[in-house]
Amino acid sequence: MTPPAAPEPAGSAPSASPASASASALLGAFVAAGVSDIVVCPGSRSQALALAAAELAAAGQVALHVRIDERVAGFLALGLGVETGRPAVVITTSGTATANLHPAVLEAHQSRVPLIVLTADRPTEAHGVRANQTTRQDDLYGSATRLAVVAEAPTGAEGEQRAARELAREAYDAATGILDPGPVHLDLAYREPLSGTFEPEPVVDAEAEPTAAPSATADDHPLYPGRPRLVLERGPRTLVVAGHDAGPSAEQLAADGGWPLIAEVSSGARFGRQVIAAYRELLREDEYREAVERVVVFGHPTLSREVPLLLQQDRVETIIVAPAGAEVYNPGRRADHIVSSVSVEPGPADRAWLGAWVVGSRERVVDPSPAAPDLAGLHSTTPSERLASVRAELDAVRLPVTREVLVDAVWRATWPHDRLVVGASRLIRVADGLVPGRKISVHANRGLAGIDGTIATATGIALASQADGGPGVTRVLLGDLAFLHDVGALLLEDGIAPRLQVIVGNDGGGTIFDGLEVARSAPSELFDRVQYTPQRVRLESLATAYGWEYRSATTRAELDQAFTAPVTGPVLIEVPLPRA
């Protein structure tokens, strides 16, 4: 966070401020367009925007969230946008504060999440003379934005407030574009006085011309070359692949075609009878891999090497379903068809093809959940048999937690009214190869698959989903490094306590790198220092410092107790895990 500028002299009275009038008009127009959440970071140059946001919140017209860390604020806004489908506005002062939003902007760009970034700036005369807290902010986020505008400092001239309202509507439309939603950046210069007395801008703008909802499609938008709709013939042995954010249309195609479904955990398509959990193991085997003749891909696959390798085989017909977006998932750039939608012709399904994959997956997935109780033994009239059954039950619930047990417990504890956020840790890959199909809301920052911002993103999802009395709990499953990377997100506003469980699989370092070639080629002491990066942080002390409830779960029974206990606020659940 950039330090504040020097305060005004004591006793000075607030005065009329073009900055305040323009900021009020801009934010009022954003709320009128559909913005429901504003995230503010403290700062001097941005004070007019911050105070205008506070006025709107006090009037009950918008939800206001305040954070001291701009990186946390950016990912919080991202999470709000993920859950609501509407852009949250995030406000920062000038200088390094603006750069700290860059990770969230990049993730919003790659994941196509609407986001509106307002960075306060120094006026033109302060640039190029090494003025304090002044840097080039005009093209800070480069090609990641759908719209980037530099607005000169308002002077109080006639028409400035109307121009601010028009800019807000243009920015909102760009962020929510039907074909390619994403981040928008408005760099807003302000001169002193940076704030003053003003009348809050009315949310309903009587002067605005009514605008029709966008009706464009990918077929007629100039960015896209008229992607066709494709009807698939039956016959070729087909796999349906649902990557991140694929949506339920992938499951629908697999069900209609009677084809195996590879659905990543954050695809939104991991439900139904066609889900193949052990797809990575099967695709490593010639019997299954060489039998595939056609692959239909939805969303953005990121969790395996086997899928992109399969798509790059010349003998495999590859169909990419991409109804929107300027960039298309296309490893090797050899897709046979890039289409806006796909369906299958009527006819009987190839039951043998689907059955082989379903059976193969079941044979390779070991269910880590506890076995059903031996009821006969527990009710036996023979004391030794009854005692043996009781001991077996106790041994089962006392077994140490493994990664498989952890992801299974989290998956089973999550219901359709809950939210599950999975970090870019080893655990998401364990879950992807293990958990069965279940129609629940699963989110992950897979646009760039970074570990940063996981807790902040989940907090935004929790606040949005629980607004106005919404039910459920938001659970975050992540590793210890992803947790420590975003530990600042544990700092919540006083009196705001979302129902949020942060579940940390703590193996003392980055074991996700154990699967890379470097783990077998580098000296262990060097690998440990620069890849594994061991840590011994006391997570319980962090929870206490930030005012979170803390639990530790070392057995399956303790896990189940943690997940069935009432959740009334933020809870940190630490689960020690072995490295190997």
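Me: What is the mean pLDDT of the protein, and what share of its residues reach 70 or more?
Reply: This is a predicted model, in which local features need pLDDT of at least 70 and side-chain atom pairs count only at pLDDT 80 or more, while totals for chains, interfaces and linings use all residues. The mean pLDDT (the predictor's confidence in each residue, from 0 to 100) is 90, and 91% of the residues reach 70 or more. Residues are numbered from 1 along each chain as its sequence is written, and side-chain values use heavy atoms, with hydrogens and water left out.

Me: Over which residues is the pLDDT below 50?
Reply: Over residues 3-15 the pLDDT is below 50, and this stretch has 11 contacts in the model (contact means heavy atoms within 4.5 Å) beyond near neighbours in sequence. Residues 205-220 also stay under 50, and for them the model has 16 contacts beyond four places in sequence.

Me: Why is arginine 556 called buried?
Reply: Arginine 556 has a relative accessible area of 7%, and buried means under 20%, exposed over 50% and partly exposed in between, with a 1.4 Å probe and protein chains only; arginine 556 is therefore buried. This arginine 556 is found in helix H21, residues 556-564 (helices, H or I, of at least four residues, and strands, E, of at least two, are DSSP runs numbered from the N terminus). Leaving aside neighbours within four places in sequence, the residues in contact with arginine 556 include Pro368, Ser369, Pro370, Asp408 and Arg412.

Me: What makes the pair of arginine 556 and aspartate 408 a polar contact?
Reply: The side chains of arginine 556 and aspartate 408 are joined at 3.0 Å, and a polar contact is a pair of N or O atoms within 3.5 Å, where within protein one must be able to donate a hydrogen and the other to accept it, and residues adjacent in sequence count only if both atoms are side-chain atoms. The value of 3.0 Å is therefore counted as a polar contact.

Me: Is serine 369 buried or exposed, and how do you know?
Reply: Serine 369 has a relative accessibility of 17%, and therefore counts as buried. Serine 369 lies in the loop between H11 and helix H12 (375-378), and touches Asp408, Arg412 and Arg556, not counting residues up to four places away in sequence.

Me: What makes arginine 351 exposed?
Reply: Arginine 351, in helix H11 (residues 351-364), has a relative accessible area of 72%, and so arginine 351 is called exposed. Glycine 258 is 93 residues from arginine 351 in sequence, and their C-alpha atoms are 7.0 Å apart in space.

Me: Why is alanine 157 called partly exposed?
Reply: Alanine 157 has a relative accessible area of 40%, so this residue is called partly exposed. Alanine 157 is found in the loop between E5 and H6, and 139 residues separate alanine 157 from proline 18 in sequence, with 8.4 Å between their C-alpha atoms in space.

Me: How do helix H1 and helix H6 pack?
Reply: Helix H1 (residues 18-33) and helix H6 (residues 160-175) pack at an angle of about 35°, with their axes 8 Å apart; axes are lines fitted to C-alpha atoms, for helices over the stretch in contact, and angles run from 0 to 180 degrees between N-to-C directions. The contact is made by residues including Ala21, Ala25 and Phe30 of H1 and Ala164, Leu167 and Tyr172 of H6.

Me: Which residues of helix H5 are buried?
Reply: In helix H5 (residues 102-111) the buried residues are Ala104, Val105, Glu107, Ala108, His109 and Ser111. They pack against helix H3 (70-84), strand E4 (115-121) and strand E6 (183-189), and just after H5, arginine 112 takes a positive phi of about 60°.

Me: Where does glutamine 133 lie?
Reply: Glutamine 133 lies in the loop between E4 and strand E5 (147-151), and has a positive phi of about 60° although this residue is not a glycine. With a relative accessible area of 13%, glutamine 133 is buried. Aspartate 468, also not a glycine, has a positive phi of about 55°, but is exposed, with a relative accessible area of 85%.
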